[in-house]
Amino acid sequence: MSELVPEPRQKPVVPMKPVGINANLLGYIGIDTIIEQMRKKTMKTGFDFNIMVVGQSGLGKSTLVNTLFKSQVSRKSSGWNREEKIPKTVEIKAIGHVIEEGGVKMKLTVIDTPGFGDQINNENCWEPIEKYINEQYEKFLKEEVNIARKKRIPDTRVHCCLYFISPTGHSLRPLDLEFMKHLSKVVNIIPVIAKADTMTLEEKTEFKQRVRKELEVNGIEFYPQKEFDEDLEDKTENDKIRQESMPFAVVGSDKEYQVNGKRVLGRKTPWGIIEVENLTHCEFALLRDFVIRTHLQDLKEVTHNIHYETYRAKRLNDNGGLPPMTVETEENHESNL
Amino acid sequence: MSTGLRYKSKAGNPEEKQDHEKQYVGFATLPNQVHRKSVKKGFDFTLMVAGESGLGKSTLVNSLFLTDLYKDRKLLNAEERINQTVEIVKHTVDIEEKGVKLKLTIVDTPGFGDAVNNTECWKPITDYIDQQFEQYFRDESGLNRKNIQDNRVHCCLYFISPFGHGLRPVDVEFMKALHEKVNIVPLIAKADCLIPSEIRKLKERIREEIDKFGIKVYQFPECDSDEDEEFKQQDRELKESAPFAVIGSNTVVEAKGQRVRGRLYPWGIVEVENQAHCDFVKLRNMLIRTHMHDLKDVTCDVHYENYRAQCIQQMTSKLTQDNRIESPIPILPLPTPDTETEKLIKMKDEEVRPVSAWASLVLELESEEFLQDCPIEAVLGLPTPTSYHCGLLVSGTGCEGCGFLCQGIVAPFHPRHSCPVLGQEFLLSEGSLCLPQADPQLWPQHVPF
């Protein structure tokens, strides 16, 4: 195999008449249009994104998710009233929506975990969550290993897990640490400080520093993980986010108020209106930009290339190197799961 | 380079942005995020050219990609070519344009159709394509999937001689042997020896013969209904000009005071990039500017999947036929496993050797999901007894040592079972294949490995 690396503009091999090279003529092949081709294709097929929210009840999880996607994608629970019993184990509720913006369709699935951390004894309450995540990996693996594979395997794997930290102002609670320790290895965790409007600026900065330190001391790698930075550009950008902004201190709201003649999302208190999208008030805008506008694709890729591959390798090794294949015909597609 | 493609939200000026951002979530930037990664990594494309010698294949490839891949080529004369077999020669070139990197691989097939007796001269070519599929299949099923090299052939340009009356028998046989393995784009070579009416007739003839022989050449995908008229018109013209009549040239000649790429004849100049002279521009646009991605997709989604399904079914049927296979490595039904792949198999064996305990798996399997009817019986058309998995499970017992139950899955590569109780490794030939064996005499014997 001969490998040549020529520049795109070449001298002609055998000139018939004595002529020079016209760079314009020989210039443009058109390879960069492949991006446009890919773009058309991906727009047609659409995207899916699965986000999980975990945290004690009352921390504003559903409100935040609704604010993030500017639609009612998550139903707020009004707490447990006396007739309803608090579920004995953590439930997993997945609700899917299709939202569209700028011609791009996204199938968004919000996975809620009511009951997390609400019992008296919260031991192992992360286990149903871990089980759910692994079940999605297993589903994907089975689809991938099928003989007659679907063109686009439906992706139900959890791409991102927002973990809500209670704004105590002191430090992380043992439950937070346990949860994140167990789950940071299987899913991308983004810690978020909920209801940040209860802290002043100084309290906020101090709390964040303490949380960061605690996470580091306990060896918890939250997203964006240091080891997965691909090149220098990513590293510098992610370092900045990791060391300064995270965990994001957020406030969520789905009510609008008039401020300076503009309608903004916010919370109205006797002492002022907290504007959700105002960077001086809270870091919601940073979280939104981070998750949706810059790192959405990266979240999916880390899930697919790293977490899913780890799971798959473990499964293969457990089987003694056998890929778990099922022989199924077209009709029997839905069997065994 | 990447900042141009990536949306960076400057959330520094909240007052101004708020109006604008009111209804705006921001995931419309998702396509750009996707492409940023691809642009960083670069793209690759493998193109195969096939046809008799002297039909202008090398010139055309050079013209398409504006490079010179064949600098040191020696052309053999007739005598030297008598005993030549079809070779497969790969040339790789890295091209960069406007920040987009393309690793282009051209697979050449010198010697095709040149011998006196050309029976099965396409076999080395089909073998090559199958090898690339096989390598990708192994890589994909392996443990380390981070950097899989995709050497599958995405498109095959087949050159038809303009001097005949349509397709010749070797053309038909070649295309029929390859149409289900690769995207074939038939071309009429050296089209400057034909006048327009002859070209039209020849194209019609070839299209008829392609239909008659049931050859499935690459079909251009349908346009979306929401594309604009101009695009639809272009698409229609493209479909109507297949097969493309092409001329290649990398020499620049002077015509009417203009400099064009073309061929100089006493009676005039044939311009390569003139749409009235030949279909080169259509071919280039189709191959590079509009359908490159689709060619790759069809290769992945259709041809590769067909190969994979066939491969798996062949493996299972082979293992059901020979009831007692003693060999540890199952024989894959592929023509020429070369030393490369043997080495790969050995490597994967070493990788996978660490043996783990099955106990947890046993517990998992006893859960409901797995005690269902085995799907394999349905495939093999055999009656399905209830809670029946395989010879191991029939009597409710499993391995004598640890009670390991068959998972009801197919294990094409390493059907081994390590019994933590007996402390030995057993070879499960059919046990892992979930074959129904009503007769206890035929139940898989545990063969110490």
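Buried means under 20% relative accessible area, exposed over 50%, and partly exposed in between, computed with a 1.4 Å probe on protein chains only.

**Entry 1: ground rules.** I note that this is a predicted model, where local features need pLDDT of at least 70 and side-chain atom pairs count only at pLDDT 80 or more, while totals for chains, interfaces and linings use all residues. Residues are numbered from 1 along each chain as its sequence is written, chains are lettered from A and ligands numbered from 1 in the order in which they are written, and side-chain values use heavy atoms, with hydrogens and water left out.

**Entry 2: cysteines.** I looked up Cys125(A), which counts as buried because its relative accessibility is 7%. Cys161(A), at 0% relative accessibility, therefore counts as buried too. A disulfide is a covalent bond between the sulfur atoms of two cysteines. The cut-off used here is a pair of cysteine sulfur atoms within 2.5 Å. By this rule I get zero disulfides over all chains. Cys161(A) is in no disulfide, and the nearest cysteine sulfur, that of Cys160(A), lies 7.1 Å away.

**Entry 3: chain A overall.** I find eight helices and ten strands in chain A. Both are DSSP runs numbered from the N terminus: helices are H or I with at least four residues, strands are E with at least two. Chain A has 337 residues, of which 53% count as buried. I also looked at contacts, meaning heavy atoms within 4.5 Å. Among contacts in chain A between residues at least 6 apart in sequence, 69% join residues at least 24 apart.

**Entry 4: helix α2 of chain A.** How many of the nine residues of α2(A) are buried? Nine of the nine are, so α2(A) is largely enclosed by the rest of the structure. The buried residues include Lys61(A), Asn66(A) and Phe69(A). Just after α2(A), Lys70(A) takes a positive phi of about 50 degrees.

**Entry 5: α2 against α7 in chain A.** Axes are lines fitted to C-alpha atoms, for helices over the stretch in contact, and angles run from 0 to 180 degrees between N-to-C directions. Helix α2 (residues 61–69) and helix α7 (residues 284–294) of chain A pack at an angle of about 65 degrees, with axes 10 Å apart. α2(A) and α7(A) are therefore roughly perpendicular to each other (under 35 degrees is roughly parallel, over 145 roughly antiparallel, 65 to 115 roughly perpendicular, the rest oblique). From α2(A), I list Leu64(A), Thr67(A), Leu68(A) and Phe69(A) in the contact; from α7(A), Phe284(A), Leu287(A), Arg288(A) and Ile292(A). By class, this contact of α2(A) with α7(A) has six nonpolar, one polar and one charged residues. Ala, Val, Leu, Ile, Met, Phe, Trp, Tyr, Cys and Pro count as nonpolar, Asp, Glu, Lys and Arg as charged, and the others, Gly among them, as polar.

**Entry 6: α3 against α8 in chain A.** The axes of helix α3 (residues 127–145) and helix α8 (residues 296–318) of chain A come within 10 Å and cross at roughly 80 degrees. That makes α3(A) roughly perpendicular to α8(A). The residues of this contact of α3(A) with α8(A) divide into five nonpolar, four polar and five charged.

**Entry 7: Ser245(A).** I placed Ser245(A) in helix α6 (residues 232–245) of chain A. Is Ser245(A) buried or exposed? With a relative accessible area of 16%, Ser245(A) is buried. Not counting residues up to four places away in sequence, Ser245(A) touches Lys208(A), Arg212(A), Lys240(A), Glu283(A) and Leu286(A).
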